[in-house]
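Work through the exercises below with the sequence and the model at hand. Each task is followed by a solution in steps.

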Amino acid sequence: MATETPQQIEDLTNAFVDEHWDPAITVRDWWARLADARLSHPSLPEAAGGRGWSAAQARVAGQVLARRRVVGPPGGLGMLLAAPTIADHGSPEQFARWLPSILDGTEAWCQLFSEPGAGSDLAGLQCRAERDGDEWVITGQKVWTSNGHEADWGMLIARTDPDLPKHQGITYFGFPMRQPGVEVRPLTEMTGRALFNEVFIDGARVSDANIIGGRGNGWKVANTTLTHERAGIGGGHGGGFGTASPGEIMGELGQPVGDFLGRRPPISAGGVGRRVLSVLSEEAERRGRMADPVVRDALTQVHMLYRLAELTLQRQAAERRSGRSRSGLGAGVEGNLAKIGNTRLLHQTRHVAGLILGPDAALVGEEAATGGLLQELTLFSPAPSIYGGTDEIQRNVIGERGLGLPKEPSPDKA
Ligand SMILES: Cc1cc2nc3c(=O)[nH]c(=O)nc-3n(C[C@H](O)[C@H](O)[C@H](O)COP(=O)(O)OP(=O)(O)OC[C@H]3O[C@@H](n4cnc5c(N)ncnc54)[C@H](O)[C@@H]3O)c2cc1C
């Protein structure tokens with residue numbers, strides 16, 4: 001564990017901004033500088049291009065980038081999921097091939113896990129991978145693929161050994177998205193955006209060298225990705241004031257980075273942060289709603305849930321360092337707890353936003369109150385109860401793995 005104090009991290013990040021920030025350089029150049037300084041994803045291990053910082057340490061750097069009003073590191077599923085999964089399971093060649101382009105934002109990733117018949121029961125997936133020389137031929141359908149339309153690579157899980165029990169015989173690939181046999185069709189959500197897609201794969205190819213974590217180990221590797229997805233909600237990378245899209249497809253890498261100042265990411269897995277809390281409070285003050293004790297009480301609950309999330313993260317980091325669990329929970333359920341906590345926070349935020357905005361909560365778009373932020377958050381708020389495993393699945397995992405309760409009855413466990 002890296003030992004830098006918060007003050008040292010602040011000093012180091014400030015010095016980096018003083019030396020390197022220039023709104024006239026391109027997004028590509030800015031992100032290259034962040035990656036060279038190991039500030040894109042500092043909680044990755046050093047060998048993977050990070051600094052081995054804890055989430056809390058990485059958050060300090062992100063807060064400095066936000067305070068200095070400079071654009072943050074690339075976002076997206078490459079940073080959130082692919083990079084830590086490759087760091088945990090990849091080979092040295094895979095580190096060299098994939099990590100630099102994730103950290104400098106030149107390639108974007110998506111997650112090809114869910115299928116029409118395999119969501120909560122992910123291990124029931126049907127997508128097939130058949131060996132052909134040094135390659136695998138992939139056939140199947142994926143769905144709810146966030147950012148699939150802008151991705152260069154997919155974290156693909158497919159069945160390589162159909163005769164084995166369902167949790168075995170699954171293999172995890174780094175799958176090239178831009179090739180014949182891959183069709184990405186957008187699905188529009190009720191936010192009005194098309195964040196996710198259906199992906200039809202018909203005879204597309206992937207090299208054997210792109211297997212991450214070994215043939216037949218896909219279930220284990222996928223669980224690493226899911227753990228990062230759940231824990232990433234309160235995670236430490238990111239930060240900054242403004243964002244751009246990673247990868248060539250969205251066409252933003254060549255534009256001046258200063259053009260992206262203040263551009264907020266769509267409400268997404270990152271959930272709700274301090275910024276939303278201050279937007280809620282300012283809007284309540286502006287509308288004279290702070291005088292209403294119901295509004296004050298509901299706002300206090302948002303604040304408490306946010307503090308609870310922060311303290312839980314700190315406690316978990318301390319438990320990891322000491323190797324002792326004060327909560328009495330079995331290991332490995334921190335991410336599940338973090339995800340449920342974030343979902344509750346988002347739902348409470350939606351409730352308060354409605355109380356404060358009243359009928360204005362029905363107006364969407366940039367010209368609406370709060371620039372449409374609270375409305376977008378409201379429309380997006382059902383999603384975190386579903387993605388990365390539904391609330392019910394998180395509770396099952398906490399019950400079974402964390403509390404040692406008997407397993408749910410199910411046909412495969414009978
Ligand atoms: C915004 C968003 C983005 C997403 N992005 C991606 C992505 O990028 N890549 C990707 O692969 N997937 C993605 N997903 C898909 C997501 O992971 C699945 O929707 C999720 O795992 C649930 O699967 P399902 O939709 O098939 O629902 P089902 O599994 O059919 O579940 C239906 C209902 O049954 C309940 N249920 C099922 N099994 C149990 C059980 N054992 N015990 C108790 N209750 C149970 C569930 O909780 C749920 O309420 C995304 C979803 C959303 C909403």
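**Exercise 1. Find how far apart the C-alpha centres of domain 1 and domain 2 lie, and describe the side of domain 1 that touches domain 2.**

Step 1. The C-alpha centres of the two domains are 24 Å apart. Domain 1 covers 6–106 + 230–260 and domain 2 covers 274–402, with bounds that come from an automatic or database domain assignment. The model is a predicted one, in which local features need pLDDT of at least 70 and side-chain atom pairs count only at pLDDT 80 or more, while totals for chains, interfaces and linings use all residues. Numbering starts from 1 along each chain as its sequence is written.

Step 2. Contacts between the domains involve 7 residues of domain 1 and 11 residues of domain 2; a contact requires C-beta atoms, placed from the backbone, within 7 Å.

Step 3. On the domain 1 side, α3 (55–67) and α6 (218–231) are the elements that give two or more residues. Helices (H or I, at least four residues) and strands (E, at least two) are DSSP runs, numbered from the N terminus.

Step 4. By class, that side of domain 1 holds 4 nonpolar, 2 polar and 1 charged residues. Here Ala, Val, Leu, Ile, Met, Phe, Trp, Tyr, Cys and Pro are nonpolar, Asp, Glu, Lys and Arg are charged, and the others, Gly among them, are polar.

**Exercise 2. Describe the shell around the ligand: which residues are the closest, and which element gives the most?**

Step 1. The ligand is surrounded by 19 residues, and the closest are Phe113, Gly119, Ser120, Trp144 and Thr390.

Step 2. Two or more residues of the shell come from each of β1 (109–112) and α11 (391–402). The most come from α11, with 3 residues.

Step 3. The shell divides into 8 nonpolar, 9 polar and 2 charged residues.

**Exercise 3. In which sense do β3 and β6 pair with β7?**

Step 1. Pairing requires at least two bridges found by DSSP between the strands. β3 and β7 (residues 196–207) are antiparallel over 9 bridges; Ile138 has Ala204 as its bridge partner in β7.

Step 2. β6 (residues 182–187) is joined to β7 by 6 bridges, and these strands also run antiparallel. Val184 stands opposite Val199 in β7.

**Exercise 4. How many helices and strands does the chain have, and what share of its residues is buried?**

Step 1. The chain has 11 helices and 7 strands.

Step 2. Buried residues are 45% of the 414 residues.

Definitions and conventions: Contact = placed C-beta atoms within 7 Å. Near = placed C-beta within 6 Å. Buried ≥ 20, exposed ≤ 12 C-beta atoms within 10 Å, placed from the backbone.
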